[in-house]
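Please take a moment to look over the sequence and the structure below before reading on. The paragraphs after it will walk through a few parts slowly.

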Amino acid sequence: MTARREIVVVGAGSSGCVVAERLSRSGADSVVLVEAGGPAPEPVDLSVLPVRDGARVWHHRDTEGTELPRGRGVGGSSAVNGGYFLRPHRDDLAAWDPDLWGIPAVERAFDTLDGGAGGGGVMTVRRFTDDELHPRAVAFERAMRADGHVDVDGVWPEPGIVRVRTNARGRHRTTAADAFLADARHRRDLLIRNDVRVERIEMNDATVRSVVTDSGERIPADVVVLCAGTLATAGILHRSGSVPVVVPLAEHRELLVRCRARGDDGDVSPVLQSVMHTDDGMEIRCYSHDFAAHITGLEQTGPAIGVAAMRPGSAGSIRFDADGGAPEVDLGRPDDETRQRMQVWAERMATVLDGPAFAHLVAPGSVTVDDRLATSHHAWGTAPMGGGPTGVGTDWRGRVVDHDGLYVADGSVLPTPLSSGPHATVMMVASVIADRIGRERD
């Protein structure tokens, strides 16, 4: 019988809430969940994206000056994102280790989260209904059908028109904290600590010994599970001597096709209700409103359709300052062939916005294609399972290579691009990794 373990979970966002709940369930181990931000926020309407709220978001920038907000506090990014909760395509997981990440095991984890085809699950997932759709989403779907694209009705997306599934009760998003900590927080073997920033992981002969905070406190640990998010986890690993100065990073870059709205927009709907997945790896996103309608203080630029390269074809990086300064985040750019395909799709969408389907919604002559690439805020892959191209990363159980007791269970470990946004997949991965850590004591 394995002795009682001291487990520290770092980060109480989408993955950390899952891991802490699972590992504290049996009562056989002591689990401490540490979060650099504050407690879980009050429910907020799904249409509001509080990504400029310093109390709820960490603010980063990339080398081009692009803002990179990341969730702060219990619930993490699940408390501030748009409530998009789509699975990846099945084919996205084909290169993952089949013994540990076969579709049956993955599907069980997803079904727990999203309720499978019927919806629900612990994240209260449902598909946006016809009567919820903003007129722009209605026009988008009609235009895509007229162009020969088919509706995708299954729980696993594939090329075609995909009605977004959202993690929400009514108009309020269901956060990871709502789903996993509401009851678990009262367990005797789970301690949640807010406002604790982790500096590094202390090791002895490549074995975890403690978590060291920025105040110098040492929290004893036999197992540490990093769930601080792709950017923050990479920083902790670097300060712990576990990754080099430069680590890989991947991102879904996006090209926006903008227009000026015609008429009254009415009530603000959730930001993204319908998308189209293409055979050549794009996600075409029909945004319901100008982003300024969702984000307080943002300059108005008009509604948009986004063309996101879900298989970017090239990688970015995080470069750490040897003197301890802020890391340099390079999101990377799609390779030339992918960039050209993005431009082709953007021009197609510009024609759609200028066409009859949107004539009652778009001011004539107002359609433009951005010159500059945007970002989806989907950074992943700084410690990929299977080791990644540089050999630095985690094994297929999420364990940091050559480190005993040190695991990663957030977006850092995603080893391949995904054809959908990563939120649901990150929570699935956290569920599976936590289950395996739990079974290691049995």
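This is a predicted model: local features need pLDDT of at least 70, side-chain atom pairs count only at pLDDT 80 or more; totals for chains, interfaces and linings use all residues.

The next step is to ask which strands pair with E18. Strands of a sheet pair through backbone hydrogen bonds, and they can do so in a parallel or an antiparallel manner. Strand E17, made of residues 272–277, is joined to E18 by five bridges, and the two run antiparallel; within this pairing, His 277 stands opposite Glu 283 of E18. E17 and E18 form a hairpin with four residues between them, and in the turn Gly 281 has a positive phi of about 85°. E18 also pairs with strand E19, residues 304–309, again in the antiparallel sense and over five bridges, and here Cys 286 stands opposite Ile 305 in E19.

Elsewhere, three strands form an open sheet in the order E15-E20-E21, with antiparallel pairing. Strand E15 (246–249) and strand E21 (328–330) stand at the edges, and because each has a single partner strand, one side of each is left without a neighbour in the sheet. From one strand to the next, the twist averages 15°. Strand E20, residues 316–319, is joined to E21 by three bridges, and Arg 319 has Glu 328 in E21 as its bridge partner. Helix H6, residues 230–239, lies across E15, E20 and E21 and runs at about 160° to E15.

Finally, two loop residues deserve a careful look. Thr 124 has a positive phi of about 45° although it is not a glycine, and it lies in the loop between helix H3 (103–114) and strand E5 (125–127). Asp 402, which is likewise a residue other than glycine, has a positive phi near 65°, and its place is in the loop between strand E23 (374–375) and strand E24 (406–408). Are these residues buried or exposed? Thr 124 counts as buried because its relative accessibility is 17%, under the cut-off of 20%, whereas Asp 402, at 61%, counts as exposed, a term used for values over 50%.

Note on methods:
Residues are numbered from 1 along each chain as its sequence is written. Side-chain values use heavy atoms; hydrogens and water are left out. Buried means under 20% relative accessible area, exposed over 50%, partly exposed in between (1.4 Å probe, protein chains only). Two strands pair if DSSP finds at least two bridges between them. Axes are lines fitted to C-alpha atoms, for helices over the stretch in contact, and angles run from 0 to 180 degrees between N-to-C directions. Contact means heavy atoms within 4.5 Å.
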